[in-house]
Amino acid sequence: MTMTAGRTDEGASSTVWRPEGPYDMAATLGILQRGTWDPSVSINHRVAWLTFPTPAGPASLRLVQAPREADAGPRTRHAPGGPVTASAWGPGAQRALDSVPALLGADDDWTEFDDPAFLAGLPRLIREPRRRHPGLRLPSTGRMMDALVPVILEQKITTIEARRAWRYLAGRYGDPAPGPAPEHMRVTPTPEQFRRIPSWEWHRAGVDSKRSAAILRACASARGLERLSGMPAGAGVADKLCSIPGLGPWTAAETTQRTHGCPDSISVGDYHLAAYVGWALAGKPVDDDGMLELLEPWRGHRQRVVRMLGLSGFRKPSFGPRLAPADHRFR
């Protein structure tokens with residue numbers, strides 16, 4: 001993997017990252033986007049925009065992946081991924097560019113997972129999506145608070161409610177994105193900006209007092225939490241996250257999947273995941289302990305296995321109507 005730097009005609013700092021082997025930028029970064037109208041992440045096929053604060057100031061990052069060399073001819077598993085051109089604007093532009101390789105999954109090594117002997121021990125439901133998606137990698141943002149706040153918003157509510165809350169808070173309290181970012185985009189609010197949000201605005205966003213309090217406690221410890229981004233994923237990062245009241249194993253796992261690209265991080269306590277894994281691998285629902293038992297043969301790669309299951313198209317049986325979220329914002 002190589003990086004080259006330069007300037008664009010638009011005055012932005014730029015660099016080019018060239019992956020080795022298959023690479024799919026949209027699939028890799030997809031885990032970072034909270035819905036189509038996420039104010040801080042926008043992904044559209046070969047173009048991605050991310051806006052976030054850095055120690056040097058706000059930054060907008062545009063990533064454009066060129067077509068693969070093999071796209072003009074027969075598609076092969078080992079066709080090299082197209083290079084990604086990264087352009088950044090704002091005071092934090094250089095910081096944003098420095099984060100690009102890890103963000104795009106340069107540190108995520110699938111060599112052991114893709115070894116034929118390891119693949120042979122996986123169910124077809126996992127092998128087949130890996131064959132179809134050889135360019136997927138796990139991103140590492142290196143930005144703890146950017147990942148943590150949206151995850152806290154997702155605690156114990158539906159995805160629709162969580163995305164609505166994130167869109168409201170980031171869109172209303174985030175600064176306008178520097179550079180030619182899409183009009184709806186805003187820079188993710190800083191911990192200081194989150195701490196200035198009045199209580200009634202949390203209510204209007206649909207965020208109850210437990211989740212808003214957990215976010216504010218995390219923001220009060222933001223400097224210490226950000227230092228965790230530089231630690232290896234297995235070096236007690238999850239335990240240190242859980243030392244903040246209101247943050248548990250599920251929140252820690254969902255966060256480190258994004259900040260560290262942790263290949264073994266499992267979202268224990270998820271409302272749907274254990275039953276989904278159980279139906280996929282055992283043909284029946286299981287609890288968290290049962291899920292961990294099913295995934296134990298692939299320890300070290302359990303998050304990779306879960307991602308492949310998600311790409312397999314498998315759906316667990318439904319036995320009732322979908323939960324309709326209640327809206328208490330204006331009561």
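## The cavity

In this predicted model, one cavity of 30 Å³ or more is counted. A cavity here is a set of points, on a 1 Å grid over the protein atoms alone, where a 1.4 Å probe fits but cannot get out. The largest cavity holds about 170 Å³ of space. Its lining has 16 residues, and Leu32, Ser40, Val41, Arg143 and Asp146 are the closest to its centre. Lining residues have an atom within 4 Å of a point. Volume is the space filled by probe spheres set on the points, which are joined across faces, edges and corners.

Strand E4 (47-54) and helix H6 (144-153) each give at least two residues to this lining. By class, the lining has seven nonpolar, four polar and five charged residues. Nonpolar covers Ala, Val, Leu, Ile, Met, Phe, Trp, Tyr, Cys and Pro; charged covers Asp, Glu, Lys and Arg; the others, Gly among them, are polar.

## The second largest pocket

A pocket is an open set of points with protein on both sides within 12 Å along at least five of seven lines. Of its 26 lining residues, Pro53, Thr54, Pro55, Arg143 and Glu226 are the closest to its centre.

Helix H8 (191-195) gives the most to this lining, with four residues. E4, H6, helix H2 (93-98), helix H10 (209-220) and helix H11 (222-227) each supply at least two. The lining has 12 nonpolar, six polar and eight charged residues.

## Helix H16

Helix H16 spans residues 302-311, and eight of its 10 residues are buried. Buried means under 20% relative accessible area, with a 1.4 Å probe and protein chains only. The buried residues are Arg302, Gln303, Arg304, Val305, Val306, Arg307, Met308 and Leu309. Their cover includes helices H1 (25-29), H5 (124-132), H13 (249-259), H14 (273-282) and H15 (288-295). Gly313 follows H16, with a positive phi near 90°.

## The whole chain

The protein has 16 helices and six strands. These are DSSP runs numbered from the N terminus: helices are H or I, at least four residues, and strands are E, at least two. Of 331 residues, 49% are buried.

Among contacts (heavy atoms within 4.5 Å) with a separation of 6 or more, 65% join residues 24 or more positions apart.

## Basis

Residues are numbered from 1 along each chain as its sequence is written, and side-chain values use heavy atoms, with hydrogens and water left out. Local features need pLDDT of at least 70 and side-chain atom pairs pLDDT 80 or more, while totals for chains, interfaces and linings use all residues.

Terms used:
Buried < 20%, exposed > 50% of the residue type's maximum accessible area, 1.4 Å probe, protein only.
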